[in-house]
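Me: I would like to learn how to read side-chain features in a model, one at a time. Could we go through the one shown here together?

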Amino acid sequence: MDVNPKIYGFLTCILQTLLLSSATLEPFDLLYNNGLEAFHKGDYGNVVRYMESALSSFSEVRQTKIICRLKCRDQHRFDSLLTDKFFEAILHRAHCLNECFEGKLGAQSMHKVSEDVFQDFSRRIPYNYLQLAYRKLGQLDKAASAAHTYFQANPEHVEMGEDLEQYKAQKGVKEEHFIDRESRPHQRAFFAGVKLYDKGNYEESVTLFEEALTEYYRADVECRALCEGPLHFEEQDHVLYKYNLYELISDHYTQVLHCEHECVRDLATRPGRLSPMENYLPLHYDYLQFAYFQAGRNEEALECALTYLLFHEGEEFMTENVEYYREVLGHDGQPRKEAEQYLRRHKQESDLLLMGSNNIGVDYIEGSYWSSSGGREDANRIPSGTDGWMDYVPISAKRNVTMALLQELREGGPLLYENIRLVQNSHTLNGSQRVLLDDVINEDQCSELKHLAHSVTAAGDGYKGKMSPHTPNEKFEGATVLKTLKYGYEGRVLLKSARLFYDVSEKARRIIESYFMLNSTLHFSYTHLVCRTAISGQQDYRNDLSHPIHADNCLLDPEANECWKEPPAYTYRDYSALLYLNSDFDGGEFIFTEMDAKTVTASVKPRCGRMVGFSSGGENPHGVRAVTRGQRCAVALWFTLDPLYRELERLQADEVVQTLDNQHIRDHGLHINPKDEL
């Protein structure tokens with residue numbers, strides 16, 4: 001049968017399109033969701049298949065974004081453009097990006113991956129499921145690798161640490177199986193170089209330090225490229241935020257600039273840490289100058305020493321090293337060009353950020369990121385090298401003395417409100433700075449807050465989408481006070497319910513401040529409405545906790561019987577409180593333990609209106625037993641004595657409440673949803 005050539009060509013085109021579309025990359029969030037469903041069904045073979053595919057897809061999407069953005073940036077630059085050409089260049093670059101993405105990933109969808117999924121991948125949650133699945137399948141070598149990868153980003157996960165110890169004792173599991181599948185090349189090479197350097201293998205360490213520098217500058221380019229996508233401007237969450245076109249453009253590019261500037265922090269931060277390694281990039285050149293000196297390569301040693309001084313001008317020990325190298329060589333040298341260009345760009349970014357009204361986070365470029373570890377004595381003028389000292393330092397202002405220690409530890413102050421009952425104090429709870437209270441709120445208020453939780457909570461903790469410690473056997477959902485007020489303002493929930501959450505949390509703060517007889521104001525550092533729900537079919541033979549044993553302001557180290565006050569712990573938290581909303585569930589008891597994270601010293605069964613309060617340090621390790629049936633809801637609160645660490649969302653919520661109160665007065669008591677007036 002004859003076929004019209006035009007029809008034949010048309011059909012061929014359709015067939016090719018279908019074939020191409022079938023080969024497009026599967027969305028990593030869909031694969032991840034399929035993996036979760038397979039896990040809940042006990043289909044561990046498919047857990048492995050979907051989770052491994054999801055990780056591969058996530059990595060490929062990331063690399064595609066980097067490649068396309070760098071390519072389109074080079075083709076359509078904004079440099080020296082006149083105003084009337086600027087928007088034209090933006091449109092051309094956007095078109096270039098769309099074509100590049102579709103060519104590599106397939107047609108783009110209107111579907112957007114949720115922030116919760118991104119946070120899961122950032123925290124390496126898929127590896128937790130993988131290690132469980134591989135263990136069920138008897139593939140212990142792969143289980144060990146997945147567990148190790150997860151633990152690197154979640155060092156506070158006590159159960160995973162115990163699992164790793166068990167894997168080490170298993171037959172067939174070798175040391176080489178404990179690899180970090182997500183290790184970053186620049187950090188991997190750097191730490192390998194440090195090991196060789198510490199052993200005196202200077203020639204070999206040089207190769208790794210040079211590799212680390214190459215990978216660092218490559219990672220910096222990639223990090224900056226990833227900043228060019230859609231960004232979330234925090235101030236736009238404020239319900240009173242007003243903006244026009246040029247303010248929105250300014251906000252966006254300020255965020256891009258800040259994100260690019262933050263790459264310094266990102267590249268110096270190890271998995272599972274919130275703060276960077278001090279002096280990270282300059283330390284490469286410090287190691288190198290001394291390693292080159294030990295290898296008899298003084299030309300390279302001088303070059304690296306001069307480069308180090310670009311970061312720390314006039315540093316005494318390195319200046320002396322430079323003088324030594326010049327004397328030995330008989331001539332001067334030059335610092336490395338890549339470091340000069342790098343610092344010049346960051347100086348320009350700092351100046352731009354300082355020019356803007358949003359003067360955000362520029363202190364680290366001259367502060368703790370590249371702070372020096374101090375001079376070293378060298379009586380014989382032989383070049384000195386780094387002692388390898390590195391520490392983790394917070395970017396914001398350090399607290400010279402823990403605020404809590406400034407308070408005389410007391411308790412037993414007035415409870416301020418009628419009907420509240422003191423059930424147990426520190427003595428009967430077998431610890432210090434602990435209290436258990438009943439009837440803080442009534443049954444109607446509990447019911448209203450629980451209903452509110454069902455309406456506004458989202459997977460994760462509800463705080464910028466970041467996930468909190470959780471178990472695969474429970475669903476963890478939460479929301480902040482600002483989010484609930486925003487929903488009330490928009491008419492999506494009852495405004496009085498949102499206001500109740502706000503008022504109840506303030507009531508709890510006042511009670512804790514009064515009972516522990518604090519001499520200074522207790523500020524909110526985090527306000528959280530949270531529910532934990534047992535997942536049906538996954539409760540048999542559970543041996544995990546709903547929330548692992550931990551302390552709120554330090555890293556619990558049960559083996560050393562210590563609690564280290566360093567990031568990623570929230571070191572500024574001083575007191576904590578949990579106000580429970582219900583008791584119609586199984587399990588979920590709150591427990592205090594000794595520092596060993598095993599010996600239970602007190603157990604609290606949640607019920608409506610019951611509140612447990614305690615100081616946040618290592619004196620009060622605590623956790624939550626598994627919720628095996630039903631849903632457990634509570635208002636979780638963390639407080640600080642340091643006003644520098646007040647919760648930003650709480651301050652914004654205060655402004656919203658003040659505005660609503662003023663509006664209520666103007667309306668003469670009329671019950672009008674403020675959104676209806678817009």
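Me: Which residue lies over the face of Y487, and at what distance from the ring centre?

Reply: A charge sits over a ring if NZ of Lys or CZ of Arg is within 6 Å of the ring centre and within 35 degrees of the ring normal. Here R492 lies over the face of Y487, at 3.8 Å from the ring centre, and the charged end of R650 sits over the ring of F524, 3.8 Å from its centre. Please keep in mind that this is a predicted model, in which local features need pLDDT of at least 70 and side-chain atom pairs count only at pLDDT 80 or more, while totals for chains, interfaces and linings use all residues. Residues are numbered from 1 along each chain as its sequence is written, and side-chain values use heavy atoms, with hydrogens and water left out.

Me: How many aromatic pairs does the structure hold?

Reply: A pair of aromatic rings is described by the distance of the centres and the angle of the planes. Rings of Phe, Tyr and Trp (its six-membered ring) pair if their centres lie within 6.5 Å, and planes under 30 degrees apart count as stacked, over 60 as edge-to-face and the rest as tilted. The structure holds 36 such pairs; one of them is the edge-to-face pair of F39 and Y129, with 5.0 Å centre to centre and 80° between the planes. This pair links distant parts of the chain, since F39 belongs to helix α2 (residues 28–41) and Y129 to helix α6 (residues 125–136), 90 residues apart; helices are DSSP runs (H or I, at least four residues) and strands likewise (E, at least two), numbered from the N terminus.

Me: Is Y197 buried or exposed?

Reply: Buried means under 20% relative accessible area, exposed over 50%, and partly exposed in between (1.4 Å probe, protein chains only). Y197 counts as buried because its relative accessibility is 6%, whereas Y202 counts as partly exposed because its value is 22%. Y197 and Y202 form an edge-to-face pair, 5.4 Å centre to centre, with 90° between the planes.

Me: Which side chain does E210 join through a polar contact?

Reply: A polar contact is a pair of N or O atoms within 3.5 Å; within protein, one must be able to donate a hydrogen and the other to accept it, and residues adjacent in sequence count only if both atoms are side-chain atoms. The side chains of E210 and Y292 are joined by such a contact of 2.6 Å. E210 is found in helix α10 (residues 202–226), and it counts as buried because its relative accessibility is 19%.
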